[in-house]
Amino acid sequence: IATAAVLWHFRAQYRSFGRGLSWQAIAIGIAVFVLWIVLAPPDNGNGVMLELRLAELPAWQAGAWLVFRVIGSVVTVPIAEELAFRGYLIRKLVASDFEDVPPGQFTWLSFLASSLLFGVLHNSWVAGTLAGAGFALALYHRGRIVDAIVAHMTSNALVAVAVLAFGQWNLWA
C-alpha cells in the first residue's frame, strides 16, 4: 500500500514515459513467464502452506488478500521494480549523473550487473536474473521504460493466472 501511495503521488512524472503498447514488450513478458515456470524451484511446502492458510481465513479476508496480491504483483511491483532497476540502476551504472543517460543506452556492465542484482532479490536467482535481462531487453528495444514495465506486468499477470487458475501457489510462496 505504501509503494502504491508513493507511485500515485508521483504519477504526473510518468507522463514523460510515453504511451503505446509494444507487442515486443508483451512477447518478452510471455517469454519471461515461460522461463520463470521452467526454472521455478520445486515446491518445498511453502506453496501448500500458503494455500492452507488462505483456506483457513474467512472468505472475505482470503478474497481481500488475493485482490491485494494480484494488484501488487501485476501493477505496483512491476512499476516500482522497473523504476528502480531499469529507470535508475541501469543508467546509474553507465554514468554517475544518471539523468544525463538516455533510457535504453546499452553497456554490458549496466545490463549484466542490473540483471544479476535483480535476480539476487528473487527466490530463484537464475530465473530472476534472466527475468531482469528480459526486462532490460524490453527497455533497450525502444529506449522506453514503459516497455520494461509492460513486460514485467505481463509476466507477473501470467504468474497470477498460473497461481489462481492452476493452483501453483509455490510461485507466490
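Which helix supplies the largest share of the lining of the largest pocket? Keep that question in mind as you explore this predicted model.

**Start with the whole chain**

Show everything as a cartoon. Turn the model around: its C-alpha atoms fill a box of roughly 50 × 35 × 30 Å along the principal axes. With 173 residues, a compact globule would have a radius of gyration near 16 Å, and the 17 Å of this protein agrees with that.

**Select α4 and α6**

Now colour residues 59-92, which form helix α4, and residues 125-142, which form helix α6. Two packed helices are described by the angle between their axes and the distance between the axes. For this pair, the angle is about 65° and the axes lie 11 Å apart. The crossing of α4 past α6 is right-handed.

Next, show side chains where the two helices touch. On α4, pick Glu82, Arg86 and Ile90; on α6, pick Gly132, Phe135, Ala136, Leu139 and Tyr140, which they meet. Sorted by class, this contact has 5 nonpolar, 1 polar and 2 charged residues.

**Move to the largest pocket**

Rolling a probe the size of a water molecule over the atoms shows where empty space is left. In the largest pocket there is about 580 Å³ of space. To centre your view there, select Trp36, Arg69, His122, Asn123 and Leu171, the closest to the pocket's centre of the 27 residues that line it.

Colour the lining by class and you get 13 nonpolar, 11 polar and 3 charged residues. Then colour by helix: α4, α6 and α7 (145-166) each supply at least two lining residues. And here is the reply to the opening question: α4 gives the largest share, with 5 residues.

Note on methods: Residues numbered from 1 in each chain as written. Predicted model: local features only at pLDDT ≥ 70, side-chain atom pairs only at ≥ 80, totals over all residues. Heavy atoms only, no water. Axes fitted to C-alpha atoms, helices over the stretch in contact; angles between N-to-C directions. Helix = DSSP H or I, 4+ residues; strand = E, 2+ residues; numbered from the N terminus. Left-handed = near helix turned anticlockwise from the far one by under 90°. Contact = heavy atoms within 4.5 Å. Nonpolar A, V, L, I, M, F, W, Y, C, P; charged D, E, K, R; others polar. 1 Å grid on protein atoms, 1.4 Å probe; cavity = no way out; pocket = protein on both sides within 12 Å on 5 of 7 lines; lining within 4 Å. Points joined across faces, edges and corners; volume = space filled by probe spheres on them. Rg over C-alpha atoms; globule rule 2.2 N^0.38 Å.
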